[in-house]
Amino acid sequence: MSFHKLEKYVSNPTQLQGLKYKQPILVSDSKGFTLKNNYHGKFPVECWCQPGATTKLLVDQIETHIEPALRYHKNIVFYLWSGTCDITQKSGKFISLKNPDSEQVVNNLVKHFARAYEVVKCYSPWATLKIIDCPLLSISQWNGSKGHENPDQFKDEDKLATEQITLLNTEIQKLNEVNSHNTIKISRFYFRSRKVKGKSSRHSVNLALNYDGIHPGNLLSLATIRDLFEDVQKECYSLTG
């Protein structure tokens, strides 16, 4: 999606209305803090966010804290938003692709996501889980923003990361569907389609929507918040009584 289309999309933000009867909790790495920082006002979604956290660590966090959270909130919807720190690895200031074997990466992540569902199911109907799809990322853009002398050398890793995330998001959607949940598809904002007269549409990926290659920029953050809030409105708020 172009910046212009994204600006139009976020011009009509979702306002949460009605009586909140479930507590939404966003479980994420530092991307969750990015959303919160781009929201004007008090962020109405509780955030359990850990910079640099892998999916396994985030699922461990849910497992450890779900019981005291339920004692406090009574009813919870968890939104698990991860994957970035499973696909990349950090060395000093710079990052690289963690594993070029896309099938292995995706299979490992699916196991962690499936475990998250199993953990939360033990507390049904008072707790439910939804997995948000993984946003695209640019290793070259991140390394360039951190002063790497030749960030273009990571362009091939960018392509492989996009391949891995696209495969992962297909599996996330399947897993959500098996558990009777829709998927919040953040990754769709990155894809552009341009019609060329007399030819088929040309498709491209707009990784510039991330301000540093990893974290969503202001427009993408607002678009993500809009989609998240639309789901929170449906899952956690009642407009009657």
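In this predicted model, strand E7, spanning residues 127–131, is mostly covered, with 5 of its 5 residues buried. In a regular strand, side chains alternate between the two faces of the sheet. Both faces of E7 are covered. Ala127, Leu129 and Ile131 are buried on one side, and Thr128 and Lys130 are buried on the other. E7 also has a pairing partner. Strand E4 (residues 76–81) runs parallel to E7, and the two pair over 5 bridges. Within this pairing, Val77 is bridged to Thr128 of E7.

Helix H7 covers residues 155–178 and contains 24 residues. From first C-alpha to last, H7 reaches 35 Å, close to the 34 Å expected at 1.5 Å a residue. Several residues of H7 are buried, including Asp158, Ala161, Thr162, Ile165, Leu168 and Ile172. Leu175 and Asn176, towards the end of the list, are buried as well. An α-helix has 3.6 residues a turn, so residues three or four places apart point the same way. The cover over the buried residues of H7 includes strand E7. Strand E6 (94–97) and helices H4 (84–87), H5 (102–121) and H6 (139–145) also belong to this cover. Just after H7, Ser180 takes a positive phi of about 60 degrees.

A helix pair was examined next. Helix H1 (residues 3–10) packs with helix H8 (residues 218–236) at an angle of about 40 degrees. Their axes lie 9 Å apart. H1 and H8 are therefore oblique to each other. The crossing of H1 past H8 is left-handed. On the H1 side, the contact involves Phe3, Leu6, Glu7, Tyr9 and Val10. These meet Leu219, Leu220, Leu222, Ala223, Arg226 and Asp227 in H8.

Note on methods: Residues are numbered from 1 along each chain as its sequence is written. This is a predicted model: local features need pLDDT of at least 70, side-chain atom pairs count only at pLDDT 80 or more; totals for chains, interfaces and linings use all residues. Side-chain values use heavy atoms; hydrogens and water are left out. Buried means under 20% relative accessible area, exposed over 50%, partly exposed in between (1.4 Å probe, protein chains only). Helices (H or I, at least four residues) and strands (E, at least two) are DSSP runs, numbered from the N terminus. Two strands pair if DSSP finds at least two bridges between them. The expected span of a helix is 1.5 Å times one less than its number of residues. Contact means heavy atoms within 4.5 Å. Axes are lines fitted to C-alpha atoms, for helices over the stretch in contact, and angles run from 0 to 180 degrees between N-to-C directions. Angles under 35 degrees count as roughly parallel, over 145 as roughly antiparallel, 65 to 115 as roughly perpendicular and the rest as oblique. A crossing is left-handed if the near helix is turned anticlockwise from the far one by less than a right angle, and right-handed if clockwise.
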